[in-house]
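Work through the exercises below with the model open. Try each task before reading its solution.

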Amino acid sequence: MTQDNALFQGTVRDNLLWRNRVSDTEILALLSRLGLEKGLDTRIDNGGTEFSGGQRKCLLLTRALLEDSPIYLLDEAFAGVDERHGSLIREELERVAQPALVIVITHDQAALEDLEKTGRQVLII
């Protein structure tokens, strides 16, 4: 996941499933864990300007996590994210780090401290 909030015009579903096919139930469960209650048919303008920075980050993280990869590289996943969403992202990364290696590049001190405590496969740069 890059620092850019690369959302394109379409629906939430279109933005999340551009390379992957998973069930709506799986997508909605992940969105809920990340604090997003938007429907899958919610329209997104070019760039996702109708969403806050934290919501855009959560959508991008959802897209990345739906790839079901053995390794995740997240660049500044906490930048521009409010405390609530940051906490939800850290919880989800801890859950994902059980079977996968998560590499996080961040300047967020709270995220660093929380992720270091997990004892999971999280490499913080």
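**Exercise 1. Is Arg-13 buried, partly exposed or exposed, and what is its relative accessible area?**

Solution. Start with the ground rules. This is a predicted model, where local features need pLDDT of at least 70, side-chain atom pairs count only at pLDDT 80 or more, and totals for chains, interfaces and linings use all residues. Residues are numbered from 1 along each chain as its sequence is written, and side-chain values use heavy atoms, with hydrogens and water left out.

Step 1. Take the cut-offs: buried means under 20% relative accessible area, exposed over 50%, and partly exposed in between (1.4 Å probe, protein chains only).
Step 2. Read the value for Arg-13, which is 23%.
Step 3. Arg-13 is therefore partly exposed.

**Exercise 2. Which residues are linked with Arg-13 in a network of salt bridges?**

Solution. Step 1. Apply the criterion: a salt bridge is a side-chain nitrogen of Lys or Arg within 4 Å of a carboxyl oxygen of Asp or Glu.
Step 1. Check Asp-24. Its side chain meets that of Arg-13 in a salt bridge, at 2.9 Å from N to O. Arg-13 lies in helix α1 (residues 12–16) and Asp-24 in helix α2 (residues 24–33), so this pair ties together parts that are 11 residues apart in sequence. Helices here are DSSP runs (H or I, at least four residues), strands likewise (E, at least two), numbered from the N terminus.
Step 2. Check Asp-41. Its salt bridge with Arg-13 has the closest N and O atoms 2.5 Å apart. Asp-41 sits in the loop between α2 and β2 (43–44) and Arg-13 in helix α1, so the pair ties together parts that are 28 residues apart in sequence.
Step 3. Asp-24 is partly exposed at 35% relative accessibility. Asp-41 is exposed, at 57%.
Step 4. Conclude: Asp-24 and Asp-41 are linked with Arg-13 in the network.

**Exercise 3. How many salt bridges does the structure hold, and where do Arg-95 and Glu-92 lie?**

Solution. Step 1. The total is 4 salt bridges.
Step 1. One of them joins the side chains of Arg-95 and Glu-92, at 2.6 Å from N to O.
Step 2. Both residues are in helix α4 (residues 83–96), 3 residues apart, so about one helical turn separates them.
Step 3. Compare the partners. Arg-95 is partly exposed at 40% relative accessibility, whereas Glu-92 is buried at 2%.

**Exercise 4. Which residues line the largest cavity?**

Solution. Step 1. Define it. On a 1 Å grid over the protein atoms alone, a cavity is a set of points where a 1.4 Å probe fits but cannot get out, and lining residues have an atom within 4 Å of a point.
Step 1. Count. There is 1 cavity of 30 Å³ or more.
Step 2. Size it. The largest cavity holds about 30 Å³ of space, a volume being the space filled by probe spheres set on the grid points, which are joined across faces, edges and corners.
Step 3. List the lining: Val-12, Leu-31, Leu-36, Lys-38, Phe-51 and Leu-59.
Step 4. Sort the lining. It divides into 5 nonpolar, no polar and 1 charged. Nonpolar covers Ala, Val, Leu, Ile, Met, Phe, Trp, Tyr, Cys and Pro; charged covers Asp, Glu, Lys and Arg; the others, Gly among them, are polar.

**Exercise 5. What does Phe-8 touch, not counting residues up to four places away in sequence?**

Solution. Step 1. Locate Phe-8 in the segment before β1 (10–11).
Step 1. Phe-8 touches Asp-14, Asn-15, Trp-18, Ile-44, Asp-45, Asn-46 and Arg-63.

Technical notes
On a 1 Å grid over the protein atoms alone, a cavity is a set of points where a 1.4 Å probe fits but cannot get out, and a pocket is an open set with protein on both sides within 12 Å along at least five of seven lines; lining residues have an atom within 4 Å of a point. Contact means heavy atoms within 4.5 Å.
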